[in-house]
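Hi there,

Here is the structure I promised to pass on. Have a look at it first, and my notes follow below.

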Amino acid sequence: MSSIAIGASGLGILLVLLALRVPIALALAGVSVAGVAAIRGPSAAFAVLTEQPYNFIAHWTLSAVPMFLLMGSVAYNSGLTQSLFSAARLWLSRLPGGLAVASTMASAGFAAASGSSVATAAAMGRIAIPEMMRYRYDPGLASGSVAVAGTLGSLIPPSILMVLYAIFAEVSVSQALMAGILPGLLSAAMFILLIVVRCSLNPALAPPVEEAVTWRARMMILLEIWPLPLLVLAVIGGMYSGIFTATESAAGGALMAFLIAGLQGRLTVKVIVHSLLDALKGTSSILFIAMGGFLLARFMAFSGLPIFLSHVVQQMAVDPLLFMVGISIIYIILGMFLDSMGIMLLTIPIMVPILHTLDMDLIWFGVIMIKYLEIGLITPPVGLNCFIIKGVVGNSISLTTIFKGVLWFLVADLVTLSLLILFPQISLFIPTIMK
Amino acid sequence: MTAIRRLIIYLCNALMAIAAAAMILMMLQICADAAMRTIASSSVPGTLEIVSFYYMVSVVFLPLAYIQLHRGHVIIELFTTGLSVRATACLDGLVYTLAGLAMGYFTFAAFNKAIAMTHLGEFVLGVILVFTWPARWLVVAGTGLMSLVYALSAIEEFTRALGRNTPSDQTLSSEKGH
């Protein structure tokens with residue numbers, strides 16, 4: 001069997017193993033080591049296993065991941081993000097679908113402290129959905145809007161997926177993170193626009209919230225949440241100005257989150273233990289999978305499959321736009337079944353040589369890829385964010401209702417995606433003006 | 001069996017505590033280094049090496065076993081949702097057996113490397129000299145314990161497949177009760 005054929009069969013076997021409940025990290029690593037053994041012999045495979053995982057993990061740039069996770073878990077466990085929804089609600093509840101709009105804004109705010117979409121959906125789901133249900137919002141709108149707004153977590157920096165993408169695609173982590181800001185805000189704006197238009201056309205979806213809100217109350221709540229914007233601006237500002245690396249901004253953000261929680265008297269032993277536990281579980285399981293992905297990239301490089309595919313693409317003289325359409329279909333299908341990090345690690349080694357051939361910007365592509373992965377989080381049958389919301393709401397809303405509620409937002413997401421593909425400047429504007 | 005299980009749980013928690021310490025130290029040292037550079041154009045010597053080789057290796061490899069103990073490693077469940085509880089347990093038992101063997105092999109590879117590097121006295125030379133060979137043993141500790149947890153998980157799943165209650169069922173239900 002040629003090495004290209006071994007590479008292709010390896011990918012097939014990998015999908016089978018994933019379907020059979022093999023932990024993603026082990027499936028990636030196992031297939032890769034076996035694949036290298038088949039191409040280069042068992043001693044080469046053993047050498048890969050002794051050297052590569054350690055070299056991959058013992059890596060300075062990668063340390064942005066634990067630090068961002070720590071910052072998010074401290075902000076969450078100490079209650080720093082708790083009042084976001086109340087604040088957004090006091091300011092926005094008069095709009096049509098005001099509570100859903102408020103939950104979207106609050107999610108965007110939460111996303112700026114947390115690097116994970118699932119964490120964003122879980123946190124906002126617990127706070128916002130019960131409120132919307134109390135005001136007799138349409139259950140599909142209430143649950144769908146939160147499931148969808150959770151996906152902002154991986155676009156608005158910090159984003160764990162974006163850090164890993166940047167490391168695997170060998171681009172600047174800070175620039176890649178900054179590239180997510182405008183697309184993240186654009187996505188949020190689209191969601192809000194959709195909610196407002198739908199609720200204006202059909203007020204029954206979201207009965208108006210009749211409550212008198214004083215300006216004093218609006219101002220008071222800002223006093224409660226002010227540390228969060230400060231934290232976010234410090235982290236983003238540090239990276240944007242180039243004074244601090246992504247890792248340093250992340251560590252500084254984590255320390256600031258600890259200090260703010262301490263100054264507010266919320267830093268109990270329980271908060272510290274839970275924050276560390278959450279951050280460690282996230283770091284270890286995410287980077288163990290990333291390590292599997294790194295081994296897969298080695299295996300793919302040995303097999304020559306990515307280079308072969310990029311030659312095929314080159315010979316076919318594919319139009320870049322047509323290529324993007326093809327990629328879209330592949331990512332949407334993969335996203336329906338696989339975990340987002342799995343998809344990313346599976347496809348980066350194959351995509352990067354092709355992107356170089358087509359002379360496409362890797363940072364821009366990273367934004368597009370993450371947007372697809374986010375869509376994968378809300379499409380059936382495997383839509384992790386919808387499952388998370390289902391876990392939060394229990395029996396009061398069915399999974400089908402949640403997926404139906406999400407459908408409308410998928411339309412908004414497709415519009416956003418088309419804009420991001422047609423106008424790469426939306427993603428690349430901030431990275432290019434960075435120092 | 002219960003004694004072995006208790007010992008494994010104890011070791012998992014111990015490695016988790018070391019990882020937590022590494023996480024805090026990593027945050028403090030990176031901040032101190034960045035502050036020194038910005039304010040005094042100086043640095044905390046060896047930050048890059050210590051963060052990369054000690055803290056990163058600790059926070060990634062040491063929690064692996066603890067996570068598996070709580071079944072926290074990500075799997076895809078979609079294609080096996082139709083299986084009965086016992087069939088799923090049987091499949092998981094098989095998967096964990098293979099996973100235990102694979103992690104055992106990984107541990108063997110890491111152990112070989114650790115022995116070689118310890119003999120060589122592996123170090124990196126940046127601003128200061130940092131010995132890095134002890135970090136190799138962190139990998140051995142993390143993956144070795146994870147192999148043991150997989151073996152334990154496999155036994156528990158096979159017991160469940162045979163229709164009996166396992167200690168982890170009891171822990172899980174008592175955890176839910178809290």
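Helix α9 of chain A (residues 160–169) is largely enclosed by the rest of the structure, because ten of its ten residues are buried. Please keep in mind that this is a predicted model. The buried stretch of α9(A) includes Ile160(A), Leu161(A), Met162(A), Tyr165(A) and Phe168(A). What lies over these buried residues? The cover includes α3, α4 (64–77), α10 (173–179), α15 (269–303), α18 (340–357) and α19 (362–376) of chain A. Just after α9(A) comes Glu170(A), with a positive phi of about 55 degrees.

On the α3(A) side, Phe46(A), Leu49(A), Thr50(A), Glu51(A) and Pro53(A) take part, and they meet Tyr105(B), Phe106(B), Phe108(B), Ala109(B), Asn112(B) and Lys113(B) of α4(B). By type, the residues of this contact are seven nonpolar, two polar and two charged.

As for chain A overall, it has 22 helices and zero strands. Its radius of gyration is 22 Å, which agrees with the value near 22 Å for a compact globule of 435 residues. Buried residues make up 61% of the chain, and 80% of the contacts with a separation of 6 or more link residues 24 or more positions apart. Chain A exposes about 16,100 Å², with 71% of that supplied by carbon and sulfur atoms.

Best wishes

Definitions and conventions. Residues numbered from 1 in each chain as written. Chains lettered and ligands numbered in written order. Predicted model: local features only at pLDDT ≥ 70, side-chain atom pairs only at ≥ 80, totals over all residues. Heavy atoms only, no water. Contact = heavy atoms within 4.5 Å. Helix = DSSP H or I, 4+ residues; strand = E, 2+ residues; numbered from the N terminus. Nonpolar A, V, L, I, M, F, W, Y, C, P; charged D, E, K, R; others polar. Buried < 20%, exposed > 50% of the residue type's maximum accessible area, 1.4 Å probe, protein only. Rg over C-alpha atoms; globule rule 2.2 N^0.38 Å. Areas by Shrake-Rupley, 256 points an atom, 1.4 Å probe, with all protein chains shown as cover.
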